[in-house]
Every structure is written in C-alpha cells, then in structure tokens.
Amino acid sequence: MTTRTVEVALSTSGLDARGNPVRTPLVTDAGGNIVPMTAPPAAEPDFGGEHMLINIGPQHPATHGVLRLVLELDGETVVRCVPHVGYLHCGFEKIGEYRQYNQIIPWTDREDYLNSLGNNVAFVLSAERLFGVEITPRCTVLRVIAMELSRIISHLVWVGTTSIDIGAFTPFLWSFQERENVYRLLEAWTGARLTTSGTRVGGMIADIPAGWLDDLKNFVRTFPRTIEEVDAMLTKHAIWVGRTVGLGAMSADEALNHGLSGPMLRASGVAFDVRKDQPYLDYETYDFEVPVGTAGDVYDRYLVRIEELRQSVRILEQAIARLPDGPVNVDDPRLILPPKSKATSEMESMIHHFKLVMEGPRPPIGEAYVPVESPKGEKGYYMVSDGTSKPVRWRIRPPSFVNLSAIPKMVEGHLLSDVIAINASIDIVMGEIDR
Amino acid sequence: MSESDIRIAGHANPGAPAPATPRNVAHKGGEANPSAAALAARFPGAVLRTDVVWGETTVHIVAARAGELIQWLHDDPSQQYEYLVDVTAVEYRGGGPLEVVWHVRSIGYRRFLRLKAQLDTSKPLVVPSVWPIYKGADWLERECYDMFGIRFDGHPDMRRILMWEQYKEGYPLRKDFPLRGRFSRSEQLTQALSANPEAHYSMGELRIADAFDDLPKEMKVRLGHGEVTGE
C-alpha cells in the first residue's frame, strides 16, 4: 500500500526548462524512496454500490456562507454533487426596478460584500454609459484606486479563509490585519468599512480627505511584505502543496465552456482579463501583468491570486503617481447635487436639490453592459432604460454564481476532504450568488 | 498542459489595434460588431435587425432559431464565440413581448455580442437551450426560468434555483408580480409553518443514495404519497 505522506517540505524534484523550481511535492513511495508526487488515483475501488449521502451546509463554516452541497459518496470518493443555492436570495434585481439609479448603489454593496467599492464603481460605469456621461480625469484615477483596493481586500479574505479551510491558521491573521488597514483607508474616504456606497453617477461620494494619499502610500509601501510572508509560508509548504495540487483541475476548453472567469479562468490557461481585453477606466495605460496558470487546479488559482495582489500594488503605485488635480464630479446639473450649503441658503439650489432627489435623473432609452474585472471574475451590470428615472431591468452578471455552477464537474472523483479545498478555491460570496 | 497551450485573448486577430477604453460613445449608431453582418448573411431568415446602442451591438433574432445561431457563432472559425457571458430576460413596463438576452464573447477576436429574441407572453414561453453548446448556461438558464418562467428546451434540469421548489407565487421578476409578493404576510406565514422542516431531501436525492430504505417508517409513508419535501 502506497503512502502519500509528504516528507520533504521545501525540496523540489528539480528545475524546469526556464530554471524555476518544479513545484511537484516529494513523497515517499511504497519502497520508502523519495519520488515526485503523481496525481492522486482517479477513484477508489467500488464497494458494491453502497453509496452514502452526505449533506454539507447550509450552516457549515467551510461553505463560506449558506451554500448546501449534497454529495453522493462511494467510500470517501465523491460520485455526484448536487449544489443548492438561494438561501440568501433577497430579490436585488426586483428591488432595483423600483429605485432610482443612485438609490441602487447601496444594494451593490451588499451583494459581493468583499468588493463593495468595486461594485459601486462597476455599477456607475454602466449607468454612466446609459446616461452618456464622461467622468473627470481625477475621478477615473480615484476609481482605479478604489477597484484595486477592493481587489486587495477580496483576495486577502480569500487567502485567509482558504488557508483556514486547509489547516493553516497564521496567514489568516496576517491577511486580516492588512485587510483592516485597507478598511481604515476606505472608512476615512467613504465613512464606512463594508457598505461603502462610495460612488455616484457622474462622480464619487467625496474627494479623498487631506493626508489620505500619504496613508495610501504608506500602505502600498508596507503591504508587499505581507504578500511575501504569505507566499513564503504557503507556496512551498508541504501540506499546502499536497492538499491543493491536482485538485479540481479544469482545462482551458472546459473552463471556457463552463463560463469560468477571473482567476479561475486564468489559472486554467486562458489569458483573458477584462482590464486588458475590454478596458475601462484607462486600464490600458497602466503597466501590469496578467498572471496565468497552466494546470487549472486549486494550487494554480492560489498562485494567480497571490500574483494579482502584487500587480494590484503596482497599479496603485502608478495611480498615486498620476493622480491629477481637478474636480471629482462632472459639471452636469442633471446628475450632480448642488453643495449642501447652497441647497440650504439659495432658492434655486434648493429647488434643484429637491427635484433631483425626488424625481431622479432620467437616462435616454437604451441599454448598457460595461463588464469589469472584479476579484471573482467578469462582473457587469446590464441595465435597460425606458427613459424613466428607474431602470426597467437591472441585471447583475454574477461571476461567483457561474463559477460555482461548475463545482460538480470539479469535485466528482475527488475525496470528500478535497471538496472543501475545491469549494474554497472558487472564491464564492453567497451574497452575490443569491442576490 | 504546458505554457505553449496558454490561450491569449485576441490570438485569432493579431493585427487588430490594442483595445482601449471607449470615450464619448454615441447613443445610437457607430461601428457594429462584424459578427452581426456575418450572422445576417448566414441566416437571412432568422436575423430580424441589428442595433448599435451605446457602442454595443444587439442582433435581434427569431426565438425558435436561437440555438442554431449561437451554435454557429460558437463553432465557426471566423467567429469563435467560445464564452457565454450571460443569459437573462427583460420585460418592459406596460406589457409587450418578453425579451430573452444572450451575451456572448469571442476571446480569440475580443468581440462581445448581444443577441435578443422576443417571446409573446400570451403563448408558452419556450426558447432553445444553449446548454448543449455552453455548460455555463446551466444555472443561468435555471435562474431565468426561476425569475421569468421561460422554459429552455433542451436543458437537462429545468428546476427553480434561487426560489425553493414549492414556491407557488409565480415568477418574481415578471412585471405583473408585485414587489411585496403575491400572497399576504399571513398566507406566507401559514405556508412557512405548514412546511415540513424535517424532510430536507428531495426524492431524487434520496434515490441516488439508496438512503430511502433507512428512513423512519412514517416519513417513508409520507414521501411515498408523493409529498414534495422542503429544502
């Protein structure tokens, strides 16, 4: 009987063609020799049809929310997986049809709540297309900062919670400490940590406060050290590698066909990033790399996300350097409220304020879909306007929903304990899946 | 898979200019996605018209032929729409037909296309499923069925997904569905209290695991009567 005990933690079995260490872990085989690990056996022996039904969730800490997986097991091997979602369904899209455009922004905080500021930006990008508005240069750069800070938060939470799922506790503490630093920045800017509602159609809720850029520079300077620490802790760790390599692998064709997006798609070897291939907010003028995996397994998804953290820091550095002065909001009284001091002292401004709040801005008849690269994948808000102040249809294209739909394909044939690792690697947020 | 197998977006069209953030997009008109003209030339009877609104191309098609058209977009080497972004529907205020919307993307050509088909609400709402082409359509089509009541012909598992299976109030995103739901609060409460909280598995799930035999006797009797169990 072969053992799969991982013996040698930091050694590798050699170098690849480009001189990088091969990341196959070393294990002892039946004869006690140290050899590179081969892929785990496809399926365990059939025990004569005695299958067992296992229910994971909805109240289970490793399902990252209220996901329920019904698994049919043959021994410890998953034969079939039936996911159930919908426990958090609140009808966001229905409610949005009864709200003005700016009133929908708080709802976008609450779907993918790890990326709330990024959702706010994604929403107004679609809305501004619908209104035909061009935002100011300062606002463009501020929104890039907002999106990359959100990506950092989301990936940090992912690394922390996934490492807990797989058994490592320390990266959780490190990543949540850094996440708190980002939340402190967001709180100083928007007044809220999680539910930021930081954007408005045509601009932002506020300009950044005095001294904020220095705090951000400080964060950008100190944060890469935490990435390196997590990297040093996990990337070559025997248990981490042993529990992630070869799990839930999706080939490039399968990933595309199942509609995977974001780090999930790129880990499978498809170099598609909305920031590069359908740019928004002038992302084409920033210098950054798109990390791509080759195996499409849990380990590659981890590597891709860690590298994306580094690239987000690069983008933040460039955004800080180029942040221009000038107004944040567009000069368009159809969309932007007058200053509060004027609204309480001048009659015209008060009427303007009243009409804009009570009636709301009206976009022309049309429809718009502006996808963005959210930390989970391709996210976009498809909006249809009939010329009134409320959208006829407000559709969220939820990346984690589509990514999760491929979970039966990914877990079938693997062990029950690997289901937790594979589920974690999808980076789901149930608020976005159920909406 | 090795590094040489990595798919680069835009690989099918290497001479194309690098994509850039669109600026000052016109409301109507502008350059249409070339796939729209190719689709109209290939399927003259099935393509009704092409719109360009806010720089995005929409091809209006005949609902019954959606599967055939999308299959061609997926398979044809000059199109390569290998990625399904979204399947959803739109119902306008004040009646009129329901619109089914497909968003598809060609990674190789860096193109994005919207297809729309109208369904008459007085007739059964059925369109062909694109699940045989894109497995990613599985949950998207189920959600569309759950929210609008549109059935996707050819989908292997057309069940509700976000609402529970016994949900009786209809299809929430339809315009005739009130924001607070169709039933009164007391009716909703009565239904919730009368639901059977211990039966957490559907019959299908119990059968796959042969667990039915191990159930308590009275539960077996109830399930045997065809009582649909709660989630």
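Which strand of chain B does strand β9 (residues 270-271) of chain A pair with, and in which sense, parallel or antiparallel? Before I answer, a word on what we are looking at: this is a predicted model, in which local features need pLDDT of at least 70 and side-chain atom pairs count only at pLDDT 80 or more, while totals for chains, interfaces and linings use all residues. Residues are numbered from 1 along each chain as its sequence is written, and chains are lettered from A and ligands numbered from 1 in the order in which they are written.

The partner is strand β1 (residues 7-8) of chain B, and the two strands run in the parallel sense, joined by two bridges; pairing here requires that DSSP finds at least two bridges between the strands. Within that pairing, A271(A) stands opposite I8(B).

Turning to the contact between the chains, 56 residues of chain A and 52 residues of chain B take part, where contact means that C-beta atoms, placed from the backbone, lie within 7 Å. On the side of chain A, the largest share, four residues, belongs to strand β10 (residues 366-374). That side has 25 nonpolar, 15 polar and 16 charged residues, with Ala, Val, Leu, Ile, Met, Phe, Trp, Tyr, Cys and Pro counted as nonpolar, Asp, Glu, Lys and Arg as charged, and the others, Gly among them, as polar.

Chain A as a whole has 17 helices and twelve strands, these being DSSP runs numbered from the N terminus, helices (H or I) of at least four residues and strands (E) of at least two. Of its 435 residues, 51% are buried, meaning that 20 or more other C-beta atoms, placed from the backbone, lie within 10 Å of the residue's own.

Let me pick out helix α4 (residues 137-166) of chain A, whose 30 residues should span 44 Å at 1.5 Å a residue, in agreement with end C-alpha atoms that are 44 Å apart; the expected span is 1.5 Å times one less than the number of residues. Because 25 of those 30 residues are buried, α4(A) is largely enclosed by the rest of the structure. After α4(A) comes G167(A), with a positive phi near 120°.

Finally, in chain B, strand β4 (residues 83-91) is mostly covered, with nine of its nine residues buried. It pairs with strand β5 (residues 98-106) of chain B in the antiparallel sense over eight bridges, and there L84(B) has V104(B) as its bridge partner. Six residues lie between the strands of this hairpin, where G94(B) takes a positive phi near 80°.

How values were computed. A residue is buried if 20 or more other C-beta atoms lie within 10 Å of its own, exposed if 12 or fewer, and partly exposed in between; C-beta atoms are placed from the backbone. Two residues are in contact if their C-beta atoms, placed from the backbone, lie within 7 Å.
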